[in-house]
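Colleague: Hi, I have a new structure open and would like a friendly tour. Could you walk me through it?

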Amino acid sequence: MKKLPIGLQTLEDLRKRNGIYVDKTEHIYKMVTEAGKFFFLSRPRRFGKSLLISTFKELFKGSKQLFEGLYIYDKWVWSKKYPIIHLDFSEIEYETVEQLKDSLEKFLDDTAIRENITLDKTETRLINAKFAELIEKLHESTGQQVVVLIDEYDKPIIDNIIDKQVYDKVKRILHNFYQVIKGNDTHLKFVFMTGVSRFSGVSIFSGLNNLNDITVDERYSAICGYTQKELEMNFKDYILLLSKKLDLKYEKIIALIKEWYNGYSWDGEMSVYNPFSTLMLFDKNIFENYWFRTGTPTFLIELLKKNNQLTGIFEPIVVDDIASNSYDGGDIDTIDLLFQTGYLTIKERKIYLGVPEYTLNVANFEVKDSLVRYLLNAYSNYPLKELKGLQTTVHQQLQDLDGEGLSESIGKLFVNIPYPLHIGKEAYWHSLFLLAMNALGFDFKGEILTNKGRLDAVWKGKDFVVVCEIKYSVKKTIIKMLEEALKQIEDKKYYEAYSSKKVVLLGIAFNGKDVKCKFGKLYSKNKS
């Protein structure tokens with residue numbers, strides 16, 4: 001049985017260690033032979049970008065033995081070998097602006113030495129000029145155009161995004177550095193850049209207008225990640241082992257893996273599995289949150305909390321052409337950020353008069369469950385390890401229509417909220433309640449539009465539906481707000497939209513740190 005390629009990010013290492021390689025060379029072949037030579041791809045972290053870069057590198061080096069048995073093996077001209085500049089920003093120092101400059105210069109010098117190239121030693125030269133000289137002399141010395149591969153191009157920018165002053169300087173350095181690529185078109189055979197974010201337009205790629213952004217190009221939607229077919233074909237032995245370990249039928253295991261780790265899409269049609277989480281599942285034989293905990297940036301959680309913008313997490317959100325969007329330092333759009341970093345993905349794409357429209361939502365159970373838990377912790381300071389026990393209690397309280405008990409449970413979640421965060425807006429408390437219930441495993445939906453108005457929250461249980469109205473005030477009493485909440489549901493007849501099931505009304509009132517829940521009338525299928 002072939003080995004799981006956990007931690008193997010180079011094609012050479014993976015193939016020599018007998019690791020499973022999910023063959024992406026058909027996509028690579030089409031890109032290199034049919035679609036030009038300057039490419040950019042954005043994908044979330046831990047999604048196979050570095051392995052993809054390595055595959056390009058070995059291909060242009062002519063490492064024929066590494067491609068035996070793969071799609072491209074009998075289609076490539078292996079006798080041609082190209083000079084390669086491979087820049088991986090995970091290996092570049094950039095804690096300060098000077099460190100970034102020095103590290104880039106050292107990379108260029110080391111590459112020149114390795115390729116037996118002598119560069120101009122003038123100390124006052126800019127790194128851009130040295131980069132251009134390296135490309136030109138590599139072409140001249142080998143007689144072959146140069147391949148440029150840049151991995152994690154945006155890492156110095158992302159890691160300095162909180163410090164606006166450093167961020168602007170870093171962005172300017174990289175902007176000038178990347179412009180060298182356009183000016184050396186005649187010396188270049190192929191250019192491929194990848195990262196997490198998409199700094200486009202007037203930002204880091206301005207002027208580099210010959211770069212083909214294939215992020216949402218349907219032809220390359222599966223170039224990273226595993227399709228359903230690839231998963232079952234390459235990992236069947238591991239799926240069978242997992243099935244035996246958990247004593248579940250093959251079909252049930254497949255359904256669970258899909259629910260937890262599939263769902264990422266960049267065209268709204270082809271969905272792929274998160275490769276890192278899938279590999280960790282087969283290694284540990286436990287369904288767990290693997291991807292989220294490996295490096296979710298603190299600033300992302302803080303930004304979501306600050307903006308109180310949870311659209312897309314609980315409900316799909318429709319946006320314009322995502323391909324033209326980017327975030328840029330101090331002007332960060334939360335939805336764009338969530339999409340680019342992999343917390344939201346494209347669930348549907350429609351074309352209206354030639355213009356695309358995208359529906360975004362959370363990719364899968366792993367991402368949603370992890371995101372709401374961490375957000376709840378950020379909002380309320382409630383310990384994540386205690387959620388599991390509270391989940392069982394709340395489920396029973398909902399079943400028993402126990403308003404007093406539910407009040408006590410919800411109160412526990414919010415008792416540790418610092419006083420300055422007691423924002424006097426109902427929307428804030430709506431978000432907190434939805435986060436709490438979803439973190440506890442209940443798929444509460446928020447802001448439901450009906451023909452009678454906007455309903456705050458709905459939960460569809462196995463045997464009944466809970467219809468909620470949430471109120472917040474420091475001027476009104478808890479009792480008064482509960483009465484108003486239940487009366488609003490009754491007056492607007494929100495329950496009628498769910499008349500095919502038993503419907504339970506639930507009023508929730510917040511007053512400072514005080515919270516009370518009260519169940520109202522119970523509506524049967526055919527009578528109230």
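Modeller: Happy to! Five strands make an open sheet with parallel pairing, and their order is β2-β3-β4-β1-β5. Please keep in mind that this is a predicted model.

Colleague: Which strands stand at the edges, and why is one side of each left without a neighbour in the sheet?

Modeller: The edge strands are β2 (84-88) and β5 (212-213); each has a single partner strand, so one side of each has no neighbour in the sheet.

Colleague: And which helix packs on the sheet?

Modeller: That is helix α3, residues 49-61. Helix α3 touches β1 (38-42), β2, β3 and β4, and its direction makes about 165° with that of β4.

Colleague: How many bridges pair β3 and β4?

Modeller: Six bridges, in the parallel sense, between β3 (residues 146-151) and β4 (residues 188-195). To find one spot on screen, look for I150, which stands opposite M193 in β4.

Colleague: What do strands of a sheet pair through, in general?

Modeller: Strands pair through backbone hydrogen bonds, in either a parallel or an antiparallel way.

Colleague: Now the three-strand sheet. In what order do the strands come?

Modeller: The order is β6-β8-β7, in an open sheet with antiparallel pairing. Its edges are β6 (317-319) and β7, each with a single partner strand, so one side of each lacks a neighbour in the sheet. From one strand to the next, the twist averages 25°.

Colleague: How many bridges join β6 to β8?

Modeller: Three bridges join β6 to β8 (residues 355-362), and the two run antiparallel. V319, for instance, has Y358 in β8 as its bridge partner.

Colleague: Which strands form a hairpin with two residues between them?

Modeller: β12 and β13 do, and G512 in the turn has a positive phi of about 65°. β12 (residues 502-511) and β13 (residues 514-523) pair over eight bridges in the antiparallel sense.

Colleague: Changing topic: what volume does the largest pocket have?

Modeller: The largest pocket has a volume of about 1100 Å³. Its lining has 44 residues, and R45, R46, F47, G48 and K49 lie nearest its centre.

Colleague: Last one, the whole protein. How many helices and strands does the protein have?

Modeller: There are 18 helices and 13 strands in the protein. Of its 528 residues, 54% count as buried. The protein exposes about 24300 Å², with carbon and sulfur atoms supplying 49% of that.

Colleague: And what share of contacts join residues at least 24 apart?

Modeller: Among contacts between residues at least 6 apart in sequence, 69% join residues at least 24 apart.

Note on methods: Residues numbered from 1 in each chain as written. Predicted model: local features only at pLDDT ≥ 70, side-chain atom pairs only at ≥ 80, totals over all residues. Heavy atoms only, no water. Pairing = 2+ DSSP bridges. Helix = DSSP H or I, 4+ residues; strand = E, 2+ residues; numbered from the N terminus. Contact = heavy atoms within 4.5 Å. Axes fitted to C-alpha atoms, helices over the stretch in contact; angles between N-to-C directions. Buried < 20%, exposed > 50% of the residue type's maximum accessible area, 1.4 Å probe, protein only. Areas by Shrake-Rupley, 256 points an atom, 1.4 Å probe, with all protein chains shown as cover. 1 Å grid on protein atoms, 1.4 Å probe; cavity = no way out; pocket = protein on both sides within 12 Å on 5 of 7 lines; lining within 4 Å. Points joined across faces, edges and corners; volume = space filled by probe spheres on them.
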